[in-house]
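Please read them with the structure open.

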Amino acid sequence: MPGEGYRILLGCRRRSEALRACRLTFDQIAGVFALDHQVGPLRLYRYAHGRTAGDVVAAYNDLDPAGTATLRAARFYDYEAWPQAGRRPGAAAVAVFARIYQTTARRLVADEVYASYGVRDRDLIDRTDHRHLDPHYRREVSAPAIAGTKGTKALPPLVPAPTLCADLLRAVGAEEADVKRRELLFELALVLGGTPALGLLRHLTPPERERLAVAARHQHPIDAATLDVLENLTTRLWGMDETMGPQQIIPVADAKRALVQDLLKQGSLGPTSRDRLLRVYWSLSHLAGWAHYDLMDYQGATQRYEEGLAVAHELRAPALLAHLHSLSANMALYQGKPTVAMDHSFAAEGWAKNSGNRLQQSAVSLMTARISAGLRRDEGGLRFLDRAVDLAGDKRGDSDLRHLFWVNPERIARHAVFCLVELKQPDRAIPLAQKTLARADPSWNRERGILYLEYATALIQKREIPEASAAIDAAAQITLKHSSARLLHSIRQVRVQLRPWEDNKHVRDLDERLRLLSIPV
């Protein structure tokens with residue numbers, strides 16, 4: 001290393017050690033160093049950690065589980081020098097550096113560099129967050145805002161505040177280089193809830209963005225192509241919910257609901273267009289209700305479900321009515337309200353039968369199975385589940401509804417783990433959970449987290465404490481990627497079952513890892 005560069009590194013190392021002693025995070029230290037060193041983010045974070053290029057290269061190559069990484073110091077210096085010189089690092093490489101530097105990938109990429117990545121690469125950069133590895137980082141864990149409840153954190157407002165608009169302007173500038181397209185993107189992001197909407201809008205083609213903007217301005221009657229865009233955006237929102245969680249989804253879903261509500265007021269809407277718009281509104285109420293439930297905001301979820309039920313009645317759509325009643329039953333079961341759960345379950349079964357839709361009947365039978373196992377503790381739940389699996393194998397036709405995209409025999413059968421755990425049959429639940437986890441889609445973060453906890457509960461029933469601790473830890477790691485308050489609460493509930501073994505080394509190690517993740521036990 002050149003003498004001057006090494007002298008700078010040594011000075012930064014000494015300052016970093018002093019700042020770390022004051023419990024500053026590496027993000028904060030990098031911000032301090034940025035005042036004195038006009039270098040890129042990658043070098044700033046290396047200075048913050050006091051590492052040589054050789055140290056970082058070795059750590060990078062060690063993180064490759066296949067042992068095939070071949071990063072060399074010369075290439076690493078190229079990455080640090082970009083964009084003034086050198087070479088741009090790939091998004092996957094930035095994600096690895098984020099792990100080494102215990103930060104987010106987005107902090108390691110300057111705005112002009114971020115704008116040069118493709119859509120999928122920006123998604124990866126946005127999702128990568130390893131700040132939990134920094135012992136001084138404290139993630140804020142709070143309940144959602146609930147009316148009349150003290151000490152809760154409010155969700156972002158529907159209309160962004162001026163400071164949030166400034167953040168949005170900066171994010172849009174990094175997202176889109178062309179001035180005209182940037183203005184259009186900013187307009188759409190404001191309409192759809194601010195910065196969180198960018199992850200959704202970046203997947204639209206330019207013509208689709210134009211169509212959406214025209215609809216938002218109410219310049220022309222809404223057409224079938226615009227309705228296609230609105231429906232596809234809602235489908236993509238569900239994917240974002242599975243990957244990232246409800247905190248990122250709710251502002252966008254609520255803003256889009258407001259847009260659709262305005263579009264429904266157009267006098268020029270034909271019957272077909274109006275029905276499609278009403279279904280979009282129902283879908284967004286469904287999604288928002290599910291997201292509020294996942295944040296354990298039961299009042300907000302109930303309100304959205306009731307609004308969705310009103311639309312379903314207007315559409316005279318028994319399948320939509322059945323689905324929201326089954327989700328309300330699920331929420332009541334989680335809250336420990338058996339009477340409410342049973343009432344919604346009976347309503348869901350009646351509407352599902354009336355719908356004639358076998359996939360909807362499968363989804364309702366699944367909920368009936370969970371309620372039977374969770375409340376009655378009898379084998380009837382498994383019989384309902386078998387029926388749900390059979391119905392889920394029905395061929396899909398034009399009449400199938402978008403909200404049933406997840407219904408297939410494999411996804412339905414996975415709920416047998418829950419039923420077997422509730423029936424205290426761990427010998428059957430454990431191998432099924434292992435098999436299901438091995439085949440689970442890695443993008444379905446919340447579902448995998450819940451399944452890990454069901455697996456852990458079965459292991460505790462068998463008194464297999466080391467394996468149970470590992471399963472709880474696996475679920476806890478998912479909270480780094482997903483904002484589900486329900487998952488956090490379930491982790492604490494399952495951890496309570498380990499109290500008789502609190503002196504066990506594996507449980508003590510688990511508690512330490514949970515502490516680092518800011519999950520109280």
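The points below go from the whole chain to single residues.

1. Basis. This is a predicted model, in which local features need pLDDT of at least 70 and side-chain atom pairs count only at pLDDT 80 or more, while totals for chains, interfaces and linings use all residues. Residues are numbered from 1 along each chain as its sequence is written, and side-chain values use heavy atoms, with hydrogens and water left out.

2. Fold and overall shape. The protein chain has 27 helices and 0 strands; helices (H or I, at least four residues) and strands (E, at least two) are DSSP runs, numbered from the N terminus. Its radius of gyration is 25 Å, close to the 24 Å that the globule rule gives for 521 residues, so the chain is as compact as a globular protein of that length. That radius is taken over C-alpha atoms, and the rule is 2.2 Å times the number of residues to the power 0.38. The C-alpha trace spans about 80 × 65 × 45 Å along its principal axes.

3. Of the 521 residues, 50% are buried (under 20% relative accessible area; exposed is over 50%, partly exposed in between; 1.4 Å probe, protein chains only). Among contacts (heavy atoms within 4.5 Å) between residues at least 6 apart in sequence, 65% join residues at least 24 apart. The chain exposes about 24,200 Å², and carbon and sulfur atoms supply 53% of that area (Shrake-Rupley method with a 1.4 Å probe; for residues, only the protein chains shown count as cover).

4. Nonpolar cores. A nonpolar core here is a set of buried Ala, Val, Leu, Ile, Met, Phe, Trp, Tyr and Cys residues joined through side-chain atoms within 4.5 Å. The largest has 72 residues, and those touching the most other members are Leu201, Leu212, Leu230, Leu237, Leu277, Val407 and Ile412. Helix 15 (residues 271-294) gives the largest share of this core, 10 residues. A second, separate core of 44 residues includes Ala329, Ile371, Leu459 and Ile478. Back in the largest core, Leu212 is in contact with Leu188, Leu192, Leu201, Leu204, Leu230, Leu233 and Leu259, leaving aside neighbours within four places in sequence.

5. Arg414. Is this side chain's residue buried or exposed? Arg414 is buried, with a relative accessible area of 6%, and lies in the loop between helix 21 (409-413) and helix 22 (416-422). Not counting residues up to four places away in sequence, Arg414 touches Thr436, Glu447, Ile450, Leu451 and Glu454.

6. Ala301. This residue sits in helix 16 (residues 298-315) and is buried at 0% relative accessibility. Beyond four places in sequence, Ala301 is in contact with Gly289, His292, Tyr293 and Met331. Leu327 is 26 residues from Ala301 along the chain, and their C-alpha atoms are separated by 9.9 Å.

7. Backbone points to check by eye. The peptide bond from Trp82 to Pro83 is cis, with omega near 10°; Pro83 lies in the loop between helix 5 (73-81) and helix 6 (91-101). Gln102, a residue other than glycine, has a positive phi, near 60°. Gln102 is in the loop between helix 6 and helix 7 (111-114) and counts as buried at 18% relative accessibility. Arg316 also has a positive phi, near 55°. Arg316 is in the loop between helix 16 and helix 17 (318-335) and counts as exposed at 75% relative accessibility.
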